[in-house]
Number of protein chains: 4
Amino acid sequence: MLEELKKKVYEANMLLPKYGLVLFTWGNVSAIDREKGLFVIKPSGVEYDKMTPDDMVVMDLDGNKVEGKLSPSSDTPTHLELYKAFEEIGGVVHTHSSYATSWAQAGRGIPCYGTTHADYFYGEIPCVRALTKEEIEADYEKNTGIAIAEEFKRLGIDPMAVPGVLCQNHGVFTWGKDAANAVHNAAVEEEVAKMAFRSEILNPKIDVISSDLQDKHYFRKHGANAYYGQKTEE
Amino acid sequence: MLEELKKKVYEANMLLPKYGLVLFTWGNVSAIDREKGLFVIKPSGVEYDKMTPDDMVVMDLDGNKVEGKLSPSSDTPTHLELYKAFEEIGGVVHTHSSYATSWAQAGRGIPCYGTTHADYFYGEIPCVRALTKEEIEADYEKNTGIAIAEEFKRLGIDPMAVPGVLCQNHGVFTWGKDAANAVHNAAVEEEVAKMAFRSEILNPKIDVISSDLQDKHYFRKHGANAYYGQKTEE
Amino acid sequence: MLEELKKKVYEANMLLPKYGLVLFTWGNVSAIDREKGLFVIKPSGVEYDKMTPDDMVVMDLDGNKVEGKLSPSSDTPTHLELYKAFEEIGGVVHTHSSYATSWAQAGRGIPCYGTTHADYFYGEIPCVRALTKEEIEADYEKNTGIAIAEEFKRLGIDPMAVPGVLCQNHGVFTWGKDAANAVHNAAVEEEVAKMAFRSEILNPKIDVISSDLQDKHYFRKHGANAYYGQKTEE
Amino acid sequence: MLEELKKKVYEANMLLPKYGLVLFTWGNVSAIDREKGLFVIKPSGVEYDKMTPDDMVVMDLDGNKVEGKLSPSSDTPTHLELYKAFEEIGGVVHTHSSYATSWAQAGRGIPCYGTTHADYFYGEIPCVRALTKEEIEADYEKNTGIAIAEEFKRLGIDPMAVPGVLCQNHGVFTWGKDAANAVHNAAVEEEVAKMAFRSEILNPKIDVISSDLQDKHYFRKHGANAYYGQKTEE
């Protein structure tokens, strides 16, 4: 069942340690088959070097396990809410990557200080508010997803233009057109978190980049007038 | 004698360089057989790539060497005191891991700024006071262990809920249910030390996480209602 | 066509991930054949581990593609302007290397705080001003190259004595006698960016090195009286 | 001639990239045969992966090349002065290792903030003053060595108790009983530079460790009452 998608989700999960985005089992990747209304996700707490494509768990959008011998990631309800709220996304990633999580712990979004950021994220990567006591105690992971979706709605941000977020005191969620693209965005978010950290130390009066430069770089890579990369590539 | 335990202690020691927690021979792991009242520990000053399971040293809880051709780690008396004071622990680790030791040198415990920390340590990782001249000059390593145990008693902390500590101006001790688990906690302590360092720079007014979030994350992984990981795993 | 140069440009591009100067495809190297008036550059958005020497693109100095099945790097017009303005250079590199780009995002040049810097760069590595809205919207990459050349002219800097620059809010360009040398300078610029970042934190009243020490180290490696290295080496 | 020593010096040089202490050719190791009054040093500007034991250069203590087809390291006169001034040392290392050089650029010695430092260096690692214009222009490398020796004499420091130094605006020299031991000390100096950098940020009111703790740790590893390591080891 969904063998091709399981393989892709497995491979995308294996990119997390390759890119240095996880310690131990602190991350998970999923991807959705929109037609079937099913998504595939990493099992909970399984070590990366022991995992196989067959260990991936198939879930429906009501949160029921449809196939798989293992329990799904404990963050599964967050992935589910993101798939429901953001209809264009095909893959979701959760990590505690080191620099981005440092910003989340500080309760701050990552400002756009350069074109590395602007190439992938159209403006600040927001930091979603801490959950309330009630949200934490009942359906914590589900409420995490709802809070992310509400924050994007409140700020009027297109989730495809800002394909990632920080959750205060917690960590990182990113997404993309598929599992591999979501992991790519997780690696970019970590790198821009790293550079923004240092840039603020080097210049306490630093300002975000101009909207002209933001537009130029973002639309150089995205949309009808994009001219970065090869036209024949996917 | 204790061949299985020696192998596990050897393997746990070899994880220290693998996880980047030691330079040269600056670390050691031990594990205890509670029934026999004996513990196995790394020899002193032997390089990791020359070490074998047979080099491990067997000690009793009076500090006598029971088996082994080499001298035990000079930190052996600290391990011994921890085994005596913390009856539930099965393994102990000592490192000078780079970020955690930076906190120890600063004389500060590591505050809980996020769920990465909360998943493993229930609250701040304390920094034990500097020893007195008398404590340093006579039985320094033993007094290090006694001071750790006293600090946990004074603060009313369950050592299984906060499985690690800093020793002022010195380094890190962690523990766990066995040798491998103690090393796991040493890697987590280093990672949370790293992120807390950056989070304070990013937000000088940072506050520790709420007790609600602390409880949620800790009890998601520990105790009767844990739901992280696979039920069939150890 | 230019097979030898393509191979050298390919090999120089492969040094970027080897030296840790790029994430994904965020960098490119070119080299010029001055006699033929042609330069060879990396294709746009192709992953390093899939690239071959045959993928390199040959361009003329009017910006026309002369050979190659792929599109050239989107930064090609910047390379071209640098070849036109700096007649002695044989290779150009663009990266978003992590520390140097942090300085660019802060809008600051890298001051010369030590002999590591002085050995390769005669004085501060300048940070070129942000482009205007007009410069960004029309011919952005070409205007980036023009702004670099104008800044060097304005400051009266010999581009062979300061073989690199920062572009505000963007990243790094370096150059050299050939592609490999330009990559070498990119690695040095990243390392001095890293050390200068820390030195300022360690001493907020830090000053740049004396002109005597600058001269000694620079001319120890460059010019008629150089005595570093082997006389028989290239 | 001195084949055994050449091999040891070669192997010690190869440890510099292994321990991450050098970029490119920015470091060199030498060792002395006190009976013959000759020392062996790395050639100048040769890449580590192309170097062989036969490339090592033999020098006498008057600075004459006694054997070797290549030119010796340009830092040779500094090594020579250190061998003349510090009679107990058997090996010398020069690096621009990243954190230690950041302190040198800041013009600051590395204070002893913990036992990692105290285990190897008895007190602060001093930063030698910048040289004068005259000292730089004539016999720069020789004067670097003389300034180091004078500073140790002025401060009354035993070079075997503090086996390393920083040179302001420049980099690191360390030494030891032989080439391998000098490299070991270079790795330790880099690690303590790294931790001291962070400890100061974590606690701006940080103080150096007590003399009691300094004594305990230093003499645990050195001198007649040392008890770290195996008695049978070299």
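Phe24(C) sits in the loop that links helix 1 (3-18) to strand 1 (27-33) of chain C. Helices here are DSSP runs of H or I with at least four residues, strands are runs of E with at least two, and both are numbered from the N terminus. This is a predicted model, where local features need pLDDT of at least 70, side-chain atom pairs count only at pLDDT 80 or more, and totals for chains, interfaces and linings use all residues. Residues are numbered from 1 along each chain as its sequence is written, chains are lettered from A and ligands numbered from 1 in the order written, and side-chain values use heavy atoms, leaving out hydrogens and water.

- Phe24(C) isn't a glycine, yet it has a positive phi of about 50°.
- With a relative accessibility of 18%, Phe24(C) counts as buried (buried is under 20% relative accessible area, exposed is over 50%, partly exposed is in between, with a 1.4 Å probe and protein chains only).
- Over in chain D, Asn169(D) is in the loop between strand 7 (164-167) and strand 8 (172-176).
- Asn169(D) isn't a glycine either, and its phi is positive at about 65°.
- Asn169(D) counts as buried, with 8% relative accessibility.

**Chain A as a whole**

- Chain A has eight helices and eight strands.
- Chain A has 234 residues and a radius of gyration of 17 Å, which agrees with the value near 17 Å for a compact globule of that length (taken over C-alpha atoms; the rule is 2.2 Å times the number of residues to the power 0.38).
- Along the principal axes, the C-alpha atoms of chain A fill a box of roughly 55 × 50 × 35 Å.
- Of the 234 residues in chain A, 63% count as buried.
- Take the contacts in chain A with a separation of 6 or more: 64% of them come from residues 24 or more positions apart (contact means heavy atoms within 4.5 Å).
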